Amino acid sequence: MAKVRISNINKIYPNGFHAVKDVDLNIEDKEFMVFVGPSGCGKTTTLRMIAGLEDITSGDMYIGDKIVNDVSPKDRNIAMVFQNYALYPHMSVYDNMAFGLKLSKTPKSEIEERIQIAAKILDIEPLLKRKPKQLSGGQRQRVALGRAIVRKPEVFLMDEPLSNLDAKLRIQMRAELIKLHKELETTFIYVTHDQTEAMTMGSRICVMNDGIVQQVADPRTIYNAPANLFVASFIGAPQMNFFDGVVNDDHDLVIGNQTFKLTETLTDAVKKKAKKNTSLVVGIRPEDIRCGDANEGVAAIVEMTELLGSDLNVYFKIAEKQYIMKAEASNQMKMGDQIFVVFNPDRLHLFDKETGESLIY
Amino acid sequence: MRNKKKITRILLTVITVTLFLVTLFPFFIVLINSAKSSLEIITDPIALPRQWSQLFSNIEEIWTSPSIRYASSVYTSSIITILSLIAISVFSAMAAWVLVRRKTKMSTFIFLLFISGLIIPFQVVMFPLVALFRTINQTVGLQMLRTYHGMIFAYVGFGAPLAVFMFHGFIKSIPLELEEAALIDGCSKTQIFFLIVMPILKPIFVTISILNAIWIWNDFLLPSLILGVGQDIQTIPLAIAAFAGSFVKKWDLIMTAVLMAAAPIIVGFILGQKHIIKGMVSGSIK
């Protein structure tokens with residue numbers, strides 16, 4: 001079992017593209033770390049550098065206490081699960097799983113034993129003699145996991161392993177991966193662009209954008225206390241609503257021509273971090289907005305509603321800008337209705353407009 | 001409308017059958033005439049043979065006659081064909097693999113060079129080739145003309161462009177992750193090629209082997225330039241040409257020898273035709 005330490009790692013491709021910028025990160029032993037971010041944010045490149053499939057331009061990579069910058073992938077004691085499974089098409093499931101062990105000259109009896117154990121964990125015992133072609137997507141994914149498990153690696157690396165599965169299977173496999181992580185007690189590093197996967201699976205999440213780490217924290221913190229505008233907008237579906245605002249001399253929040261009293265905590269934070277009359281971006285999650293009376297809320301017009309079964313997404317307009325809130329599914333709002341929206345003052349997020357950094361956390 | 005479709009279909013069938021018969025006719029002539037005596041052939045070349053057993057006595061004569069040296073030419077043809085096929089397939093696959101996986105300007109240039117080998121007709125380079133072989137002999141002292149290795153070397157050169165082209169197309173469709181997975185599993189570069197890439201290329205190997213086998217086994221011009229007619233090392237087409245050129249044309253033996261020469265290739269083609277089509281398609285589309 002091992003820690004992974006990524007120390008000021010940079011990746012610059014020969015064409016000059018700076019894919020990973022000064023990433024500095026400690027991944028603890030037995031942790032389930034999820035890298036999440038939009039396409040091209042450098043998460044896969046970082047993972048591939050941990051695996052040794054990509055050269056490191058500068059910085060140091062440690063697995064355990066050893067610098068592995070120049071160690072070949074096979075000697076890093078890692079296993080990787082790829083998005084397209086990468087099963088050897090000409091080998092049976094058994095041979096796919098045994099391949100790495102055979103190369104490392106593991107005794108036959110031990111290979112057999114490890115494969116049987118892994119097959120049992122993953123429930124693929126009846127498939128061992130089949131070729132990858134004869135398996136369904138979910139089964140292939142299990143075999144790919146099995147191939148990783150039998151190697152008894154110190155670190156599991158997974159590059160969007162669930163994105164080729166259909167929605168139902170993905171949810172099922174998600175749960176199984178969490179279970180597997182508990183059973184194996186090994187470090188997992190998981191790359192995804194799907195924030196639901198990140199939120200549900202990770203013991204910690206590393207949000208990346210443009211090759212830069214935006215925030216590393218547990219899922220709850222990432223959701224409730226996003227460190228900057230990017231994290232706030234990337235995590236959460238539907239997305240957080242943003243308004244432009246200013247804090248006036250009395251430390252009240254002014255949005256458009258309306259003034260709001262800030263809570264004490266927020267006032268303290270603003271006093272500490274923001275200069276007077278700094279332009280702010282105010283964020284509020286759709287579930288922290290509710291419908292109220294004319295005297296407590298801001299007038300808005302319903303643009304569209306989306307029934308999701310358990311709740312209702314309501315898109316509304318204030319001053320020609322569209323925002324979204326979550327309402328009870330039983331709500332009978334329809335297009336064109338006038339409503340009065342009330343923001344939960346405890347759940348406001350304040351960001352510096354220039355830097356995008358949070359003023360609260 | 002329906003009538004028009006019907007007529008088109010009948011017309012197509014007639015054309016297909018005609019083409020089939022035209023293509024098959026020379027083979028049919030060879031087949032019936034190899035079971036005749038010389039006299040019979042001259043009297044009526046398109047009549048069916050009186051006695052099919054004549055075929056076996058013809059075969060026996062070709063096989064045992066010391067002047068024809070048929071057995072030795074079968075041996076030579078086999079050696080040259082098999083070794084050339086192995087060399088063409090393995091080297092072309094290796095070259096194509098590197099050309100696909102190394103995305104540099106140099107590799108694009110080299111690939112285009114291979115493609116240009118497909119465009120330049122053989123007749124343009126055949127005399128320079130012989131001259132080159134002679135120069136190699138004079139400068140390095142390595143005998144290339146009238147040797148097995150010279151012949152095989154030439155075949156690899158002429159066979160590689162198509163093979164590299166087909167492998168190149170197919171390898172592009174193999175996901176890189178497969179090789180990366182093998183790398184993590186502990187494979188060296190060489191092991192990745194032989195344990196992972198080569199087995200996946202099997203259909204292309206079969207296609208290339210069959211296409212090249214037909215060509216090399218039947219080829220007359222290149223061996224006649226490099227090995228020479230009537231020399232020590234003789235492939236089957238050369239041997240047949242040798243006794244066709246003697247004072248009396250033994251048509252019965254020529255026909256039988258041609259039939260015997262074609263037989264293994266025809267059998268091979270029938271057994272492997274499924275792979276040819278599969279390999280052609282996967283090579284060109286992907």
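Strands β16 (residues 298-307) and β17 of chain A pair in the antiparallel sense over six bridges. Here, strands pair if DSSP finds at least two bridges between them. Strands (E, at least two residues) and helices (H or I, at least four) are DSSP runs, numbered from the N terminus. The structure is a predicted model, in which local features need pLDDT of at least 70, side-chain atom pairs count only at pLDDT 80 or more, and totals for chains, interfaces and linings use all residues. Residues are numbered from 1 along each chain as its sequence is written, chains are lettered from A and ligands numbered from 1 in the order in which they are written, and side-chain values use heavy atoms, with hydrogens and water left out.

Strand β17(A) covers residues 311-318 and is mostly covered, with six of its eight residues buried. Buried means under 20% relative accessible area, exposed means over 50%, and partly exposed lies in between (1.4 Å probe, protein chains only).

Strand β17(A) also pairs with β18(A) (residues 321-328). Eight bridges join these strands, which run antiparallel. A:Lys317 has A:Gln322 of β18(A) as its bridge partner. Two residues separate β17(A) and β18(A) in their hairpin. A:Ala319 in that turn has a positive phi of about 45°.

A further hairpin is formed by β1(A) and β2(A), with five residues between the strands. β1(A) (residues 4-12) and β2(A) (residues 18-27) are antiparallel and share six bridges. A:Val4 faces A:Ile27 of β2(A) across the pair. In the turn, A:Gly16 has a positive phi of about 95°.

Several loop residues of chain A show backbone features of note. A:Lys30 lies in the loop between β2 and β3 (32-36). Its phi is near 65°, a positive value in a residue other than glycine. A:Lys30 is partly exposed, with a relative accessible area of 40%. A:Asn77 is placed in the loop between β5 (66-67) and β6 (78-81). A:Asn77 is not a glycine either, yet has a positive phi of about 60°. Its relative accessibility is 32%, and A:Asn77 counts as partly exposed. A cis peptide bond, with omega about -5°, joins A:Ala237 and A:Pro238. A:Pro238 sits in the loop between α8 (229-234) and β11 (241-247) of chain A.

Chain B has 13 helices and zero strands. Its C-alpha trace spans about 75 × 70 × 35 Å along the principal axes. The chain has 286 residues, of which 42% count as buried. Contact means heavy atoms within 4.5 Å. Among contacts in chain B between residues at least 6 apart in sequence, 71% join residues at least 24 apart. The accessible surface of chain B is about 16,300 Å², and 72% of that belongs to carbon and sulfur atoms. Areas come from the Shrake-Rupley method with a 1.4 Å probe; for residues, only the protein chains shown count as cover.

The domain assignment of chain B gives domain 1 (2-63) and domain 2 (65-88 + 120-157 + 170-246). These bounds come from an automatic or database domain assignment. The C-alpha centres of the two domains of chain B lie 32 Å apart.
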